[in-house]
Amino acid sequence: MTDNKIYIIDVTNRDGVQTSRICLSKLEKTMINLYLNEMGIYQSELGFPVTHHETNYINANLELAGMGVLHPIILEGWIRAIPQDVEDAIKLTKIEHLNLSISTSEQMIKGKFKGKFSEEDIIRTMAEAADLAKRKGIRTIGVNAEDASRTDMNYLLKFASVAKEHGADRIRYCDTLGFDNPFTIYDRVKTLANEVKIPIELHCHNDLGMAVANSLAGAIAAIHAGVDAYINTTVNGVGERAGNADLVSVLLAIKHSSTFKDENLLDDRINLLKTWKIAKYVSYAFNIPIPINQPGVGANAFAHESGIHADGALKDRKNYELYDFEELGRGEPEIIETGRNITVGEYSGIKGFRNVYEKLQVEFHDEEEANKILELVRHANVHNQKPVVEDELKFIAQYPDIARKLFTMSP
Ligand SMILES: [Zn+2]
């Protein structure tokens, strides 16, 4: 038994959105932060503080944090580990938590930087960026070693030690290409954590189908070395190329897999009851269906048809199910309107709008307020380019000023 825990840092709003062909609106990103907070997720990497179209979104979400709405989740931004990015992030946003990222492998130093940075330059630039972040009052600093799995171990140890000396709270071990396997990542992370004695973030990609297994193996290595582990996840596993470690699969594996299930490793605040909701919402927002066989949230995750399995599951669910669907917030029938259905969109009028909000039991003080919210809902529809869902409608009615900020961009 150990006191060290595994915490989740979800990167859907950063790695998920930087993925080819898919994107999220700023309202959708905000809803994801709200759901992650309700699930008790430790931290959300909410975006890119130096990207101008993110400025209002990031500041609006930090305002929600200040109001206690996005609390206790920590909102952190991703930047490059260079002083200029630290400077810009602080100038543009009120961000208080940052992850600073730079490539550390020989492949990237030669193949990407092409002589622009030597190994020494990389360590020096990262240290300067970390120093500046500390000086400017950034509260937590994660330092990301991009392509850590293909980085020479001695160099990685040096990089991590310098990061720690310059105020890093964590090292992000990035298996950027999904190159590791559970055995190699265990050994490498154990060495790293033992030598540097700093909490480790595991950032694993799924190019070889091992992102979840590698995340768990790396996290266990960190815990065996006596430090906390932080696993980077995305909802439904969306992410660059073959994706990142899927949030739900990671949580289920920590809670229910052989031996881990008895070790009480998971951050106590995690509550899986919102799992179904966030998976469905993210699928809708990205417009990517959840595979039928997705762990926990796929349509077949609790379906049994063959005679022996159905009979077995009906006699005792434990015969063919490792975990209960109720734990994931599944089981409620979904109500789909099959008769007349008034929706609200970019050209809605006040009567239909009132009807929709009455069904949600949201009341307005007067006509003026109703018109103000209607105008915002129209903008939300244009902004999302798809029908606005119930939780979004409620959010807009409850936090109209925040919603306005999310919809505002000035290039
Ligand atoms: Zn990544």
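Strand E2 (residues 43-47) and strand E3 (residues 74-80) pair in the parallel sense over four bridges; two strands count as paired if DSSP finds at least two bridges between them. Glu45 stands opposite Glu76 of E3. This is a predicted model, in which local features need pLDDT of at least 70 and side-chain atom pairs count only at pLDDT 80 or more, while totals for chains, interfaces and linings use all residues. Residues are numbered from 1 along each chain as its sequence is written.

**Barrel and overall form**

- Strands of a sheet pair through backbone hydrogen bonds, either parallel or antiparallel.
- Here eight strands form a closed barrel in the order E1-E2-E3-E4-E5-E6-E7-E8, with parallel pairing.
- Neighbouring strands of this sheet are turned by 25 degrees against each other on average, direction ignored.
- The chain has 16 helices and eight strands; helices (H or I, at least four residues) and strands (E, at least two) are DSSP runs, numbered from the N terminus.
- With a radius of gyration of 22 Å, close to the 22 Å that the globule rule gives for 411 residues, the chain is as compact as a globular protein of that length.
- That radius is taken over C-alpha atoms, and the globule rule is 2.2 Å times the number of residues to the power 0.38.
- The C-alpha trace spans about 65 × 60 × 35 Å along its principal axes.

**Helix H7 against H8**

- The axes of helix H7 (residues 153-165) and H8 come within 10 Å and cross at roughly 40 degrees.
- Axes are lines fitted to C-alpha atoms, for helices over the stretch in contact, and angles run from 0 to 180 degrees between N-to-C directions.
- H7 is therefore oblique to H8; angles under 35 degrees count as roughly parallel, over 145 as roughly antiparallel, 65 to 115 as roughly perpendicular and the rest as oblique.
- H7 and H8 cross in a right-handed way; a crossing is right-handed if the near helix is turned clockwise from the far one by less than a right angle, and left-handed if anticlockwise.
- From H7, Met153, Leu156, Leu157, Ala160, Ser161 and Lys164 meet Arg188, Thr191, Leu192, Glu195 and Val196 of H8, where contact means C-beta atoms, placed from the backbone, within 7 Å.
- This contact of H7 with H8 has six nonpolar, two polar and three charged residues.
- Ala, Val, Leu, Ile, Met, Phe, Trp, Tyr, Cys and Pro count as nonpolar, Asp, Glu, Lys and Arg as charged, and the others, Gly among them, as polar.

**Helix H9 against H10**

- Helix H9 (residues 211-224) packs on helix H10 (residues 247-256) at an angle of about 50 degrees, with the axes 10 Å apart.
- H9 is therefore oblique to H10, and the crossing is right-handed.
- Val212, Ser215 and Leu216 of H9 touch Ser249, Val250, Ala253 and Ile254 of H10.

**Helix H13 against H14**

- Helix H13 (residues 350-359) and helix H14 (residues 367-384) pack at about 90 degrees, their axes 10 Å apart.
- H13 and H14 are therefore roughly perpendicular to each other.
- Ile350, Phe353 and Arg354 of H13 meet Ala370, Asn371, Leu374 and Val377 of H14.
- The residues in this contact are five nonpolar, one polar and one charged.

**Backbone exceptions**

- Most residues other than glycine have a negative phi, and most peptide bonds are trans.
- His71 and Pro72 are joined by a cis peptide bond, with omega about 10 degrees.
- Pro72 lies in the loop between helix H3 (55-66) and E3.
- Lys197 is not a glycine, yet has a positive phi of about 55 degrees.
- The loop that holds Lys197 runs between helix H8 (182-196) and strand E7 (200-204).

Technical notes:
Contact = placed C-beta atoms within 7 Å.
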